[in-house]
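Please look over the sequence and the fold below before reading on. The paragraphs after it move from the whole chain to single residues.

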Amino acid sequence: MPISGFRIAKYDQDLAVLNDLVCQLLHATRDAMTQACEALSERNIEKAEFVVHNDDAIDHLELMVHKTASDLIMRYQPISQDLRQILASMRVASDLERIGDTAESIARRVVGLGDKPMLAVRRIGALAALVLERFNSLVDAYKTRSVINADDIREHDEDVDRAYMEASSDILSMMENDPSFVRAGAQLLSVAKSFERVGDRLTNVAEQILYEINGKTEFAHRPRVGQSG
């Protein structure tokens with residue numbers, strides 16, 4: 001265990017390695033989501049297949065984060081904020097890996113939809129753009145360990161819920177008006193739900209930033225848009 005007032009150089013290096021791995025994972029998952037969104041909006045099968053094939057790299061980074069974090073705990077027995085950083089890194093990595101899985105799922109549905117243009121894809125555009133905007137803010141919040149930015153992400157998680165409900169409502173209306181659109185509409189509803197889940201994961205990561213910085217573990221329940229209580 002590092003002695004108070006004295007920092008072992010190797011310990012600091014290992015903490016820096018852990019932080020760098022999480023940042024790499026943040027960038028990798030954000031890139032995957034960006035490419036999945038582009039594949040959807042452009043009807044680009046090649047981009048979608050790239051996201052699917054690149055998921056293993058995200059899985060590997062998550063494993064590296066967990067291994068590095070576990071080694072730090074066993075080797076140095078850290079306390080206080082250092083321990084919170086390590087624990088938060090592991091939780092963040094798990095959420096990011098699941099975001100990577102969601103990006104892969106979206107990409108697979110793009111492949112299933114084919115390359116024909118569909119007006120309905122535009123209905124998801126605002127939702128996808130909002131999720132990517134929040135992801136960019138999250139990357140900045142993590143790198144700077146900004147309480148203000150992390151709290152802002154969490155406080156506005158209902159924006160994604162609202163965009164999801166609007167997109168879903170539009171797609172359902174199109175399905176009701178055009179029976180030939182039902183199969184594609186069902187796929188797009190699943191895609192919209194995937195974006196909503198990513199929004200939840202981003203909120204989870206923002207809460208882990210707050211936990212690392214100030215030890216906060218309890219957050220007020222935020223009801224989803226359209227729900228009460």
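This is a predicted model: local features need pLDDT of at least 70, side-chain atom pairs count only at pLDDT 80 or more; totals for chains, interfaces and linings use all residues.

Residues are numbered from 1 along each chain as its sequence is written, and side-chain values use heavy atoms, with hydrogens and water left out.

The protein chain holds eight helices and zero strands, where helices (H or I, at least four residues) and strands (E, at least two) are DSSP runs numbered from the N terminus. Read from that end, the order of elements is α-α-α-α-α-α-α-α. The C-alpha trace spans about 70 × 40 × 20 Å along its principal axes, and 46% of the 229 residues count as buried, a term that means under 20% relative accessible area with a 1.4 Å probe, protein chains only.

Two packed helices are described by the angle between their axes and the distance between the axes. Helix 1 (residues 9–42) and helix 4 (residues 80–113) pack at an angle of about 20 degrees, and their axes lie 9 Å apart; the axes are lines fitted to C-alpha atoms over the stretch in contact, and angles run from 0 to 180 degrees between N-to-C directions. Helix 1 is therefore roughly parallel to helix 4, a label for angles under 35 degrees. The contact of helix 1 with helix 4 comprises, by class, 20 nonpolar, five polar and one charged residues, with Ala, Val, Leu, Ile, Met, Phe, Trp, Tyr, Cys and Pro counted as nonpolar, Asp, Glu, Lys and Arg as charged, and the others, Gly among them, as polar.

Most residues other than glycine have a negative phi. Arg43, in the loop between helix 1 and helix 2 (45–53), has instead a positive phi near 55 degrees, and Arg43 is buried at a relative accessible area of 9%. Arg145, in the loop between helix 5 (121–144) and helix 6 (147–155), likewise has a positive phi, near 50 degrees. Gly215, which follows helix 8, has a positive phi near 75 degrees.

How many disulfides does the structure hold? There are zero, a disulfide being a pair of cysteine sulfur atoms within 2.5 Å. Cys23 is buried, with a relative accessible area of 11%, and Cys37 also counts as buried, at 9% relative accessibility.

Key. Angles under 35 degrees count as roughly parallel, over 145 as roughly antiparallel, 65 to 115 as roughly perpendicular and the rest as oblique. Buried means under 20% relative accessible area, exposed over 50%, partly exposed in between (1.4 Å probe, protein chains only).
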